[in-house]
Each structure stands twice: as C-alpha cells, then as structure tokens.
Amino acid sequence: MRILQACEGTTAMASPLRWGIIGTGEIASDFAAALHKSACCEVVNAVGSAPGRAQAFADRFDLPNVCDTIEQLLADDQVDAVYIATPHPMHERLTIACLRAGKHVLCEKPITVDAAGAERVINAASEQNVFLMEAFMYRCHPLTAKLIQVLQSGAIGEARHIRADFGFHVPRRPEHRLFNPDLGGGAILDVGGYPVSFARLVAGIAAGNPFEQPSDLCATCQRGPTGVDELATAQLTFPSGVSAQITAAVHHPTGTAATVFGTAGSIHLPDPWVPGSDRHGLTTHFELRAHDGPVQQIEVTTDQATYAIEAELVANAIQSGKQQADWPAMSWQDSLGNMQVLDEWRKQLGIVVAAQGERVGP
C-alpha cells in the first residue's frame, strides 16, 4: 500500500496525495492554485469538456499529465484522489465512476441533485472502501472550528435563531449553468446548501449533536425567465427549539453573511462561506456581541488557502485510513441530511431538477 505524506498533526512521511481534477472552470482553477503550496497534496492530472481546455488548464498549472477522457484519468495509477468540479447533474455519475475505479473522491457541493442520489454514492463509497466527502470547504476551515468553540462555551447563552444568506448577482445568460435547468441551475442547488448546512450545524450544537434535521420548513422563491429559482427563502424550525431564516440567490445580491442569535448575545459572521472574502485569503473574523458587553472581534488566521485546507484535511483522513472526514467537515450522514432538506425546499416550490447530464463542463 502506498504511504501518503502527512500534513500537520500526523506522523507518517512519504509521498503526497496525488489529485486528478474533473472540470477546468473557476473552482477547479482555485483548487489547483491553492495546492501549489501544499506539502502533502499535488495535482497531477486533469480532464475537461474538451481536450484543448484540459491542455490549457494543465499548462497553466504545470501539470505532468492531462487526459482527453474521464476513463483515461481513472485508469491513471498516479492519481490517488479525484476532485469533481463539474455542474451538479454530473456529480452522481462521475463520483460513482471514480469510486468504482478505487479513487478517493472530493466532490463539489451539492454531492448529487437529490437525496436518493446521495444515498447511491454513499453506498458506492462504502462498498468500495474508499474516502468520499462533499466539498463544503467552510466546514473544514478553522473559522468554523472557532465558531463551534465559542458557541459551546455559552458566550451567547443558548442559540435560539439563525439568519444565513448566500446571494449574489450574476447577469442572466440562459446557457450559463446557474440559469440553465438542464445543468441544475437555480439558487437552492447552487448555494442553498450552505445556509442549510450552517443552520443544521448550529441547531445540532444547541442539541448536543453534530447536526439536527428541521422538523418544519416553509419555502418561497422568485423564478427567472428560464424557470429556475433565482432567489429562494425558507423558514426552518428544529426540534431543539432553534429557528432559522435562510436565503439563496444567484441574481440578487442578498449578501453572504450569517448571524446566530442567543439568549445572552449574538455572533455575526460577515463571510462564513468563503472565509476572508477570497478563496485564497488567510485572515477572517467574526463578531461576538454580548448583550451586556462590548463587541469583540474574533480573528482567525491560517497559513493556507481555503481549498488547500480542505484538500489537506482529506489527505490526513485518507492517511489515517478513514472513509469519512472528522466533524465538523461533512460526514456521509450530514450530506444526506442536507440533501433531504434541499429536496423538501425544492419540493414545496415545485422545482424539478434535470436528470444526470453527460457533459464534463464547464
């Protein structure tokens, strides 16, 4: 068995975890750029929607190999793990193909387009005895760990309400993945998983659990000309008594902040989803506002870009023989529960997602 090089906090030292990337868009580029400075991860291969795009990607990041097809990448024994950065409808098919090829998988969110698909990929990972994680990178960041520490300390008393938004403005282009129903377009699938996972995490902490499922959800949305949900909101109620108001948007700049309100104060996070407001930023913060005291700014500084933190977490888990990452990163049951909430959100609004696609894109 090949021994992987350890990242900080582990002991074994050998070779780095070698990544292949499926997809050559912006997120894939950010991932490849971040790993250039990693001591225990390296990108060694990539495949895109067309050979020319893949070759340009490989040239940009000085990759030793590039593939014309996914089958070629999966046959490369120099690839230990695969990062999937394609439109949502292709996630299930590609993830299962990677798992069956014996490759560890980090798949961009959402892990699939529905909970039934999430169950299928989880079952495939279990059967193949390989690592699988949904790439909610904020869950891997020390900002989230610090938030949990402060919540568990009782600094704001008992958490009672959450407000979490992830909304931005992208000009409408019917062919763009955000507005194209055939590519899984719409706010709920693209960014709704962030506030949902955040609310479930905080409600779980209030209940003494890793996460909690809402007992009730009430949804609204605004559809655009192509029929996708361009702005969607939901009110969540949890068994612990915590409530949440969440928003997701792809054509409306509703903001990207989250606030947790407690019985003795609140915590405001101006950029929880992309800490530092930049995927390569190293410093971020949140504000602790006690009812009977001054506002405290809690700063969190790292020495790695966010995508490198996520990739190294995966490398450490694999090096330790784990199939799942440690909390608060997304476990299989956490991902499944998140998809169940997204399913209910879309169901109430009558939003149907296209079947799995065939393009590698974008």
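## Salt bridges

In this predicted model, the side chains of Arg160 and Glu158 meet in a salt bridge, with N and O 4.0 Å apart. Arg160 is partly exposed, at 32% relative accessibility. Glu158 is exposed, with a relative accessible area of 52%. The cut-off for exposed is over 50%, so 52% passes it.

The structure holds 12 salt bridges. Side chains of opposite charge can pair when their charged atoms come close. One group forms a network of salt bridges: Lys109, Arg177 and Asp190 are linked in this way.

## A bridge between α4 and α5

Arg120 pairs with Glu92 in another salt bridge. Their closest N and O atoms are 2.5 Å apart. Arg120 sits in helix α5 (residues 115–128) and Glu92 in helix α4 (residues 91–100), so the bridge ties together parts that are 28 residues apart in sequence.

Glu92 is buried, at 7% relative accessibility. Buried means under 20%, so Glu92 falls on that side of the cut-off.

## Helix α4 and its cover

Helix α4 is mostly covered. Of its 10 residues, seven are buried. These are His91, Glu92, Leu94, Thr95, Ile96, Cys98 and Leu99. What lies over them? The cover includes the strands β1 (17–22), β3 (81–84), β4 (104–108) and β5 (132–135). The helices α3 (70–74) and α5 are also part of the cover. Just after α4 comes Gly102, which takes a positive phi of about 80 degrees.

Leu99 gives a close view of this helix. Leu99 is found in α4 and is buried, at 0% relative accessibility. Which residues does Leu99 touch, leaving aside those up to four places away in sequence? They are Val105, Val121, Ala124, Ala125, Gln128, Val130 and Phe131. Leu99 can also be placed relative to Leu74. The two are 25 residues apart in sequence. In space, their C-alpha atoms are 9.5 Å apart.

## A bridge between α7 and α9

Asp334 and Arg200 also meet through their side chains in a salt bridge, 2.7 Å from N to O. This pair links distant parts of the chain. Asp334 belongs to helix α9 (residues 332–349), while Arg200 belongs to helix α7 (residues 187–207). The two residues are 134 residues apart.

## How α7 and α9 pack

Two packed helices are described by the angle between their axes and the distance between the axes. For α7 and α9, the angle is about 120 degrees and the axes are 9 Å apart. Angles of 65 to 115 degrees count as roughly perpendicular and those over 145 as roughly antiparallel, so at about 120 degrees the two helices are oblique to each other. The crossing of α7 past α9 is right-handed.

Which residues make the contact? From α7 come Ile188, Leu189, Gly192, Gly193, Val196, Ser197 and Arg200. From α9 come Gln333, Asp334, Gly337, Asn338, Met339, Val341, Leu342, Trp345, Arg346 and Leu349. The residues of this contact divide into eight nonpolar, six polar and three charged. Arg200 and Asp334 are both in the contact, and they are also the partners of the salt bridge between the two helices.

Conventions: Residues numbered from 1 in each chain as written. Predicted model: local features only at pLDDT ≥ 70, side-chain atom pairs only at ≥ 80, totals over all residues. Heavy atoms only, no water. Helix = DSSP H or I, 4+ residues; strand = E, 2+ residues; numbered from the N terminus. Buried < 20%, exposed > 50% of the residue type's maximum accessible area, 1.4 Å probe, protein only. Axes fitted to C-alpha atoms, helices over the stretch in contact; angles between N-to-C directions. Parallel < 35°, antiparallel > 145°, perpendicular 65-115°, else oblique. Left-handed = near helix turned anticlockwise from the far one by under 90°. Contact = heavy atoms within 4.5 Å. Nonpolar A, V, L, I, M, F, W, Y, C, P; charged D, E, K, R; others polar.
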